[in-house]
Amino acid sequence: MQKLTTGALMRFAKNSSSGEQPILQVLNIKLMDSKPVSESSMTASQHKKTQRYRLILSDGKHFLPSCVLTVQLNDLVTNGQLQEYSIIRLDRYLRSDLKGQTAKMILQILQITILDIATHRIGNPISLLTADLNEDNTLTTSTTKDVLQPKVTNSIFKHPIAPINKELPVLPPPSSSTITITNIDSIKNNRLFKIETLNPFQNRWTIRVRVANKTPIRTYLNGDGRLFNCNFIDETSEIRATGFGDDCDRLEPILIVGNIYYITQAQIKYANKQFNTFNNDFEMTFNNETIIERCLDNISSIPMQRLHFIPINQIQNIETNSFIDVIGIVMSINDIIHGKSKQNKDYTKRDILILDRTGQITVTLWYRIAENFQSSTIRAVIMLKGVCVKDFNGERTLSVLASTQLQIDPDLSIAHELRKWYLEEGMNIDMIDLTIQSNKHENIPWKTFSQVAEYELNMSSIVNSEIFRIKAVCTFVRHDPVYKACTRFDCKKKLQDNNDGTYYCSKCDLNYEDFKLLYMTSILLSDSTGYQWVSFFEKESEILFGCPSEQFPYGKSKDDEDKAYQKLMSICGQEKMFLIRVKLNHYNNHDRLQFTCVGIESIDARLMCRLYLEDIGRMSCILLD
DNA sequence: CCCCCCCC
């Protein structure tokens, strides 16, 4: 059993920056109230990300009831690794005291190592909050204490929030509202903090950061105000900042993308992860006390951008609705589509296709970004920072949101390399080869319908969607497997017959005289263990019916109906290997599973042998157990 | 205090 670092919490209370990595025991874990986010519109997984755990940590002598776990470590609690009586080593943590009436010393837990778990509480610790701070503590180094600890008063609550070097100029009091950059001492002499260490409980900090991106000032309707956003980066992290109202006029012109600034006296608050695409729990709001001063030295340790590009073929493994950085070549630019959403809202969108060495993916642009996208960007390099990962019928797509940073031909070495690769090799590669390269259908579990039925019993386990492979027979087909679709490129919306030779597309909000036939049908698939209705769309239906959708007999004549019947009958009895995606849909206030065929393979004897042998292997393991 | 990010 690990020994606890007795006295560590007292040393922490006296000097939060001792750099110690104490071994402590968890006495209790509790879920705190969620942060203010619009709860109703959140999905379960989003909600999970905003939950915070409060821990009581003990060093055997004292315990501190106000320890907050960073949300990145929530999984340790939810998956049961971190429990009551766990013994942990605090690897990275922060003192971030809460001010005001409920003044409180907060220990922010940023990184831990779980060492062990005990069966009981070790020692007989008393609360640090009621302990006498002046008791002797031999391990506290006197040097750091002298510099960083102004004075020990009778209450630990009155300690300064962050260590401040007393020799340096003190910032003006927060009450002043007429501060300008000229009438104060330069803030660049302040002790510098890194973005990584900023949190809402510190009130005195100065950071030195580069402006990575800035939005124009825009107005918003509900609230009738205006705002701008910018993104700051330093060596450690990134943070989004917002200025409202008068702060726009004062600060927006000062901040220029690429320049470095000292910033102090802005509010740090919890980021609403639903909208903030940044890898930071917090965000910054400027106020009338915020001071921004240009740093004229080019600090080369601060990068120009913080980017982590995901190769396109790996996007399939990324959770939908998460935000990533992607770089690729613009391969095609579709026409703009004007449509109406389900909420009866007009939208404008444009799809483009981008390519890198590993694969290609569709990127959807919206509104002004869609309208302004230049056709000349074809074959240019496009960089997307904070682009949203979406799922459409099992295929991943990307959606460029207003907060996404989009740059054409960025001056980055990776962009130059990509362009060089494209000119020398990429443009000669057959796109179909690339699609195959993405090997997205490997390692898909093979199931029978008796196993598929288990999805119904455990719906909530399907986070986004799952794919399985099944050998099955087409048993029954719904009539009318084709529908009249909007001919506008990429629209495919089912048209309403006006019965006057014209058709109405609710998506385009226009009447058309023409239509195209597209497949959309349900087929009852079965094997020896069960059955399931599965939706089939264009590509997969064409394989089964053996003709393109526009050739499917559609007329009302006896001849056409006979031919259609023949077609329907022709697929009954066909046995194939189907790739099926199962997705959880919320429909009319209840959950149901939706099965869609996303691929058809002929039954290959070698593949079947391999699958059977794998199953036999698994069964013999079970028998031997 | 924003936070719209929509479509098949």
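Strand 3 and strand 5 (residues 107–117) are paired in the parallel sense, with 3 bridges between them. Within this pairing, Val-68 stands opposite Gln-108 of strand 5. The model described here is a predicted one. Strand 5 also pairs with strand 4, in the antiparallel sense and over 9 bridges. Here Tyr-93 has Ile-109 of strand 5 opposite.

Strand 4 (residues 86–95) is in turn paired with strand 1 (residues 23–31), antiparallel and over 3 bridges. Strand 1 has a further antiparallel pairing, over 6 bridges, with strand 2 (residues 53–58). Gln-25 takes part on both sides: Ile-87 in strand 4 stands opposite Gln-25, and so does Ser-58 in strand 2. In general, the strands of a sheet are paired through backbone hydrogen bonds, in either a parallel or an antiparallel manner.

## The chain as a whole

Chain A contains 12 helices and 32 strands. The chain has 625 residues, of which 46% count as buried. When contacts between residues at least 6 apart in sequence are considered, 64% of them join residues at least 24 apart.

The loop between strand 3 (62–69) and helix 3 (74–78) includes Thr-70. Is Thr-70 buried or exposed? The relative accessible area of Thr-70 is 7%, and the residue is therefore classed as buried, the cut-off for that class being under 20%.

The side chain of Thr-70 forms a polar contact of 2.9 Å with the side chain of Gln-72. Apart from neighbours within four places in sequence, Thr-70 is in contact with Ile-109, Leu-110 and Asp-281.

## The surface near DNA strand B

DNA strand B is surrounded by 25 residues, and the closest of these are Lys-269, Lys-349, Tyr-367, Lys-390 and Ala-402. Of the atoms of DNA strand B that come within 4 Å of the protein, sugar and phosphate account for 38%. By residue class, the surface near DNA strand B comprises 10 nonpolar, 6 polar and 9 charged residues. Six strands each supply at least two residues of this surface: strand 9 (218–220), strand 10 (225–233), strand 11 (238–244), strand 18 (346–356), strand 19 (359–366) and strand 20 (381–392). Strand 11 provides the largest share, with 3 residues.

A polar side-chain atom of Lys-349 is 2.3 Å from a base oxygen of DNA strand B. For Ala-402, a polar backbone atom lies 2.6 Å from a base oxygen of DNA strand B. An N or O atom in the side chain of Arg-240 is 2.7 Å from a base nitrogen of DNA strand B.

Strand 26 is joined to strand 27 (residues 503–505) by 2 bridges, the two strands running antiparallel. The bridge partner of Asp-497 in strand 27 is Tyr-503.

Asn-498 is located in the loop between strand 26 and strand 27. With a relative accessibility of 32%, Asn-498 counts as partly exposed. The side chain of Asn-498 makes a polar contact of 2.9 Å with the side chain of Thr-502. Leaving aside neighbours within four places in sequence, Asn-498 is in contact with Tyr-503, Tyr-504 and Asn-511. Asn-498 and Tyr-512 are 14 residues apart along the chain, and their C-alpha atoms are separated by 9.8 Å.

## Helix 10

Which residues of helix 10 are buried? In this helix, spanning residues 538–545, the buried residues are Glu-540, Ser-541, Leu-544 and Phe-545. Viewed down the axis of helix 10, these buried residues fall within an arc of 125°, and they therefore line one face of the helix. Just after helix 10 comes Gly-546, which takes a positive phi of about 75°.

Terms used:
Residues numbered from 1 in each chain as written. Chains lettered and ligands numbered in written order. Predicted model: local features only at pLDDT ≥ 70, side-chain atom pairs only at ≥ 80, totals over all residues. Heavy atoms only, no water. Buried < 20%, exposed > 50% of the residue type's maximum accessible area, 1.4 Å probe, protein only. Helix = DSSP H or I, 4+ residues; strand = E, 2+ residues; numbered from the N terminus. Arc of directions from axis to C-beta. Near = heavy atom within 4 Å. Polar contact = N/O pair within 3.5 Å; in protein donor to acceptor, adjacent residues only side chain to side chain. Nonpolar A, V, L, I, M, F, W, Y, C, P; charged D, E, K, R; others polar. Contact = heavy atoms within 4.5 Å. Pairing = 2+ DSSP bridges.
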